[in-house]
Amino acid sequence: MLEGLMAQVERIVILTGAGISAESGIDTFRSAGGLWEQHRVEDVATPEGFARNPNLVLNFYDMRRAALASVAPNPAHAALARLEREFAGELLLVTQNVDDLHERGGSRSVLHMHGELKSALCSACEMRSPWHVTMIERPPCPVCQAPTLRPDVVWFGEMPYEMGRIYAALENCDLFVSIGTSGAVYPAAGFVAEARANGARTLELNLEPSEGSRLFHETRHGPASALVPQWVEEVLGG
């Protein structure tokens with residue numbers, strides 16, 4: 001359906017979720033055997049959990065950060081980086097993922113709405129700093145020197161980053177594409193309805209139907225590593 005419309009598309013917003021990273025070997029929270037089965041959400045992904053047991057939370061994210069060294073970008077990441085380089089219009093890549101696989105795959109501008117594993121947030125001065133080592137030892141903040149660092153990850157009950165910029169892009173885009181998302185986590189799950197309300201065409205690329213599949217004009221199901229390169233080829237070739 002979208003093939004004949006691509007010549008009219010000048011502004012694309014792409015949302016990626018855990019499914020695109022899962023093919024690189026990163027566990028998702030909701031899959032069988034995923035991270036939620038090993039830890040309660042309330043314990044490792046809420047401000048209250050951090051206040052209650054900071055060592056558990058810091059160790060959890062220290063391990064996730066260290067695990068990034070054992071995974072690599074897959075063809076879906078590379079294809080989106082190619083689209084960013086070669087698409088003549090405007091493109092905003094928004095990811096729910098806290099890994100760095102988009103950047104390592106070649107994307108130069110990625111909006112991490114849920115934060116990043118390789119970033120630290122100081123609870124005292126609220127400054128963010130690049131971070132590549134552990135936090136369990138309570139290292140000082142590089143800015144204010146207070147021992148109050150936490151993972152720069154948006155937890156449940158916290159506001160995702162740069163929502164104003166995201167909604168402005170959804171209001172003006174011609175095409176919204178969701179890749180590898182469950183359609184269960186808001187506000188990201190509402191992006192498709194927001195884009196449609198403003199006249200955009202919508203496309204879902206997902207391993208299986210998401211909770212919001214019915215809201216998309218077109219859905220394609222299969223591995224992101226196969227679907228995304230195929231779609232990017234259509235966009236650039238068309």
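These legends go with a few views of a predicted model.

**View 1. The whole protein chain.** We have nine helices and nine strands here (DSSP runs, H or I of at least four residues for helices, E of at least two for strands, numbered from the N terminus). With a radius of gyration of 18 Å, close to the 18 Å from the globule rule for 238 residues, the chain is as compact as a globular protein of that length (taken over C-alpha atoms; the rule is 2.2 Å times the number of residues to the power 0.38). Along the principal axes, the C-alpha atoms fill a box of roughly 55 × 35 × 30 Å.

View 2. Of the 238 residues, 50% count as buried, meaning under 20% relative accessible area with a 1.4 Å probe, protein chains only. Take the contacts (heavy atoms within 4.5 Å) with a separation of 6 or more: 64% of them join residues 24 or more positions apart.

**View 3. Helix H5 against helix H9.** The axes of H5 (residues 75–86) and H9 (residues 224–237) come within 7 Å and cross at roughly 20 degrees. That makes H5 roughly parallel to H9, a label for angles under 35 degrees, with axes fitted to C-alpha atoms over the stretch in contact and angles running from 0 to 180 degrees between N-to-C directions.

**View 4. Residues where H5 meets H9.** On the H5 side, look for Pro75, Leu80 and Leu83, among others; they meet an H9 set including Val228, Trp231 and Leu236. By class, this contact has twelve nonpolar, one polar and three charged residues (nonpolar: Ala, Val, Leu, Ile, Met, Phe, Trp, Tyr, Cys and Pro; charged: Asp, Glu, Lys and Arg; polar: the others, Gly among them).

**Notes.** Residues are numbered from 1 along each chain as its sequence is written, and side-chain values use heavy atoms, leaving out hydrogens and water. Local features need pLDDT of at least 70 and side-chain atom pairs count only at pLDDT 80 or more, while totals for chains, interfaces and linings use all residues.

Technical notes:
Angles under 35 degrees count as roughly parallel, over 145 as roughly antiparallel, 65 to 115 as roughly perpendicular and the rest as oblique.
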